[in-house]
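Subject: The structure you asked about

Hi,

Here is the structure I promised to pass on.

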Amino acid sequence: MNTRFVMLCRIAAILTIVIAVTAFIGWIFDSPILTSLYTGYIPMAPNTSVSFFLLGIALMVFCSTSLNSVRIFRTAAQGSVLLVCTAATFTSAEHLSIINRSIDSLVFLFTTDHYNIPGAGKMSFFTAAIFFCAAAALFLLSLRHRQELYEQISFTISNIVWSMGAVFFISYLIGAPIFYGTSSIPPSLNTSIAFIILGAGITGLALKQENARLKNNSISVDKIIYTGFSLALVAVLTISIISYQYTLRSVGAGTSLIRSYKGLEYLESLISNEKDSQTAVRGYVITRQKNFLEPLYASEYSTPQILESIRLLYVDDSVQIASLRDAEIIIRRHHTLLHNEIDLRRSVDSDISTFASYSRKEKMTMDSLRATINRMMTHAQLHLEQETVNRRDRIAASVSINIALITGVLLVFSVIFAFIRRDLTGRKEAEERLRQLNNDLEFRVHERTKMLQSSEERHRSTLDNMLEGCQIIGFDYRYIYLNPIAAQHGRSSQEQLIGKTMMEAYPGIDQTPMFAALQQCMTRRTHLQLENEFNYPDGSSGWFNLSLEPVPEGVFIISADITQQKKLKSEVLSYQEHLEEMVKERTKKIEELQRQFQTLFESVPGSYLILKPDLTIVGASEAYLTASMTKRDEIVGRHLFDVFPDNPDDPAADGVRNLHESLKRVLKTGVSDTMAIQKYDVRNPETGKFEVHYWSPVNSPVFSKEKKIEFIIHRVEEVTDFVLRKNIGDPERDDDPQVHAKLESMEIEIFQRTQELKKLSLDLQHANRELESFSYSVSHDLRAPLRHINGFIELFQKNAADGLNEKGRRYLSIIADSANQMGQLIDDLLVFSRMGRTEMARTMVQLHEQIDAVIQSLAAETAGRNITWKIAPLPQISADPAMMRVVLVNLLSNAVKYTRTRDHAVIEIGHDRDSSRHVFFVRDNGVGFDMQYKNKLFGVFQRLHSDSQFEGTGIGLANVQRIIHRHGGETWAEGIVNEGAIFYFSLPVTQEGQSS
Amino acid sequence: MRGQLKRILFVEDSAKDAELTLEALDEHHLANIVDHVTDGAQALDYLFRRGNYAGRENEHPAVILLDIKMPNVDGIEVLRQLKSHPEFCTIPVVMLTSSREEKDLLDAYKLGVNAYVVKPVHFSEFTRAISHLGLFWAILNETPPEKNHSIE
């Protein structure tokens, strides 16, 4: 496309130059055909041809990239363009009479005689104006800045240039250039053609430059529209010119018509004149009166005028002119005849008959005249008719041409409109698409932004909320990002650090190994991990585990505070050392102890052998080794029966079997097993022979904490001598009756004792059962009659007491009280007995809570009393809570009871403990007791006060004692009469108690 | 018009205790709806409508007051039989006993007794306990079980 524009430019430039040079040569060689293309046409002015030449050259330079890039060419071209522009300006000014005509100069070099046109050889105003436009357009295109605007302007102007040329050219084609005959002369034909070519060339240049600039290769729509508009302008102007021409011609046709009508009128008046003349002469002949001759003279005066008019009218019609000459001759002859007749009448009194010949002659003349005139009239008539037809045709042609041209213009406009519309629609669609794209893009950008934001926020918040410190250090060692923890690690804040370099924030940091690591990470872009001690400006330091990671911004550091860890670690290490030392010490001690124990065990006087449940030997006392004639090293770790086999020479040997059975029993039952005296031969290591030995073994289990048998202690007593001696004193032999008797008596005694024990045990069980059933029946059967007594007394009191006197009623109430008392006694006794029988359910007891509850339950007794309770902090104890409650109820209710006589009772509950027991006491400032009866205090039914003084069954303290005894404790009391009493009870410190 | 009120079955061997109990119930005007039998065997006859009570017409009692210590068939045995029987297991049983023995109490509760009253030595306390029984009974009559046809 671009090359085509360049080609267009080049061709236009060359053609322009050719036309200009041709015209100039025409001037030089005085050849109108070269200057004006057609004889009689306006010639191209010399100035015009020079201007065309200059502009053609300039166009050539501008459209050629190589020429245009040479500065001198370009400047020269620009100079020539400016020259043309100036010349055109001056010419225009001359035409407008602003300045004097002196500049339009070149014409004086040449002759203008050949051109019968005023002003020929001078540049026309229109030419000058169009030159100005063309030069301006070229100059603007040659500029290197604001190209877009200038290209636009140049394009528009160049369109005007070629369209104006076209208009002038078309007007020439149609026949007459516009403004022809007016005071201004139009541009010449070749000028018009040159303008078309030049304009097209400049347009091409403008398009080429635009395409080159936009790196585009097409004509934009507005350019096409511009061109279209220019074409339309040309068309409109052409229509105007054509209309003008035809209007002019129609006007001409109108005058010829009028002429035809006038001719006819003249011809007729010519005939009537002649008739009038004949009539006048005839009247004179008859009358000889002169006044009849008036019309003749009038006609003789007017006829030459009419003839002249007709001649003028038909001056370009030879036929008519010839006829008119004929008519003139006839009229002259006719008039000669008429005058002869008059003369005849006037001179002689002639006969009328003489005039007859005249009449004949006159008639003949008139006939010939009439024939001539008629001919002329017919001719004129014909001409008129033809003229009318011609005019109608012309008008019709003009109208149809107009219609055709207007249709053409409309077509052009429709095309332009279509272009505009297409462009607009396209633009609209494009805009819509663009808008949608924009929206879409905006939305996507928005979404993306949001996403990025949220992702950024998420990352940031993740970083912000991480438990490790996170920071990003830029390549310039500036803090780009820190999370709060990182700031905390640096004992600073995000605001203080971000933007600062590390060296600014922590002077001297560039000397630390951490900084070296950072530098390494920055340069080598590798991941690094290190433990670093960070020294704070205040001299303190912290340990951090740092993880350095290269990131695009610099280095990302994750820091974890391990100061505490480090501290702990070192502490743990020191503890460990300490512990190891301790363990060593302990081990030493234990070893020492073990050694001591071993020594002790080994030197125990008895013969002991320690076995594992699998009967391997673990240890042995020296005595055992001596007795069994073995050495420790030889037996420890070996199986018992490997070390001590039966004597193979003794077929009756049952040592292994019996011992094994005994050991099995121990393992099975967990109870010591005393074996009967056993013959168990032992090999003498020196002789290698078995020696006869008798033993009295006892096997006892040793339990581990888990209640499993851990070891078996095998204790033996060497009874070889005894047995041998006894065997010697066999019943048969009866060597030693003393020993025998002694043994017998011992056995009998043991048997009796065992029998006794068995019986006692059975008795005890029986008694217990009886006691149980007794107390059961007591609780039921003993209470029933009491209840009956009470019930019926009350019924009696309710229903029949009115019949009794004072004494009777008193007896009745005594009976009731006694029964009640008895019921109470029975209940207490039952409780007492139950206390001894029921199983204990030990749990941890909060004495405080129990005391509070008991004091509350005593509300009825304490109501209205002034009692100060002093309760010391009490430990938690392991006991049966129900039983402990009985203890507390008894002791506290006693204290309340026996302080009843005091205005202000003080009851104190205290606690004391030593290594083995808790001691609790209840102290009161009541009536006290005599210490000589203190042993009676805790006996059943033992009372130190009369019932009238202080009611009671005498079982309460017995119960207390029984319960405390069952818990493994003691009870005792101290008292001073009328000053108060202290009741103590102790409980052994249990493991749980200790822990509390 | 309300139908016949449900009755109380009172099982007590001791005539004296029975008299006292009835006296106490009478204080709450409940004595006239009490059917008194004197041992466990009779109680079972009454409930199972056999022996002397074969023709008993009234429906099952609302509550049974049962003494523990009785000749022949004692209270625990009666309780055991009642609670293992599908028809009678829903009848509430109140144990009356003179004893505070835990064994009895445990046995009774294991068998599913509804209440356990130790006969107090004091008559006034006893009446109070009995009045609780009356309340118990009243509640039972106010919320009739499904099988109760005569209430309406």
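Let's start in chain B: at roughly what angle do the axes of helix H2 (residues 40-48) of chain B and helix H3 (residues 75-83) of chain B cross? They cross at roughly 25 degrees, and the two axes come within 9 Å. Angles under 35 degrees count as roughly parallel, so H2(B) is roughly parallel to H3(B). The crossing of this pair is right-handed. If you want to find the contact yourself, look for B:Gly40, B:Ala43 and B:Leu44 on H2(B), and for B:Gly75, B:Glu77, B:Val78 and B:Gln81 on H3(B). Sorted by class, the residues in this contact are three nonpolar, three polar and one charged.

One thing to keep in mind while you browse: this is a predicted model.

Next, where the two chains meet. On chain B, 15 residues are in contact with 15 residues of chain A. Helix H1 (15-27) and helix H5 (123-142) of chain B are the elements that give two or more residues to the side touching chain A. That side of chain B has four nonpolar, five polar and six charged residues.

Now over to chain A. It has 996 residues, of which 29% count as buried, and its elements come to 29 helices and 20 strands. If you take the contacts in chain A with a separation of 6 or more, 64% of them are between residues 24 or more positions apart.

To see the pairing on screen, find A:Val922, which stands opposite A:Phe983 in E20(A).

Strand E3 (residues 528-535) and strand E4 (residues 541-551) run antiparallel and are joined by eight bridges. Together E3(A) and E4(A) form a hairpin with five residues between them. A:Asn535 stands opposite A:Ser541 in E4(A), and A:Gly539 in the turn has a positive phi of about 100 degrees.

While we're on phi: most residues other than glycine have a negative value. A:Tyr477 has a positive phi of about 60 degrees without being a glycine. You'll find A:Tyr477 in the loop between strand E1 (469-474) and strand E2 (479-482) of chain A. Is A:Tyr477 buried or exposed? A:Tyr477 counts as buried, because it has 20 C-beta neighbours inside 10 Å. A:Leu615 is not a glycine either, and its phi is positive at about 70 degrees. A:Leu615 sits in the loop between strand E6 (607-611) and strand E7 (617-620) of chain A. With 18 C-beta neighbours inside 10 Å, A:Leu615 counts as partly exposed.

Two last stops in chain A. A:Ile562 is in the loop between strand E5 (554-561) and helix H17 (563-602). A:Ile562 is partly exposed, because 17 other C-beta atoms lie within 10 Å. Which residues does A:Ile562 contact, leaving aside its neighbours within four places in sequence? They are A:Glu531, A:Trp543, A:Phe544 and A:Asn545. A:Asn532 is 30 residues from A:Ile562 in sequence, and their C-alpha atoms are 9.5 Å apart in space.

The other stop is A:Lys668, in helix H21 (residues 655-669) of chain A. A:Lys668 is exposed, because it has 10 other C-beta atoms within 10 Å. A:Lys668 and A:Ile709 are 41 residues apart along the chain, and 9.5 Å separates their C-alpha atoms.

Cheers

Terms used: Residues numbered from 1 in each chain as written. Chains lettered and ligands numbered in written order. Predicted model: local features only at pLDDT ≥ 70, side-chain atom pairs only at ≥ 80, totals over all residues. Pairing = 2+ DSSP bridges. Helix = DSSP H or I, 4+ residues; strand = E, 2+ residues; numbered from the N terminus. Contact = placed C-beta atoms within 7 Å. Nonpolar A, V, L, I, M, F, W, Y, C, P; charged D, E, K, R; others polar. Axes fitted to C-alpha atoms, helices over the stretch in contact; angles between N-to-C directions. Parallel < 35°, antiparallel > 145°, perpendicular 65-115°, else oblique. Left-handed = near helix turned anticlockwise from the far one by under 90°. Buried ≥ 20, exposed ≤ 12 C-beta atoms within 10 Å, placed from the backbone.
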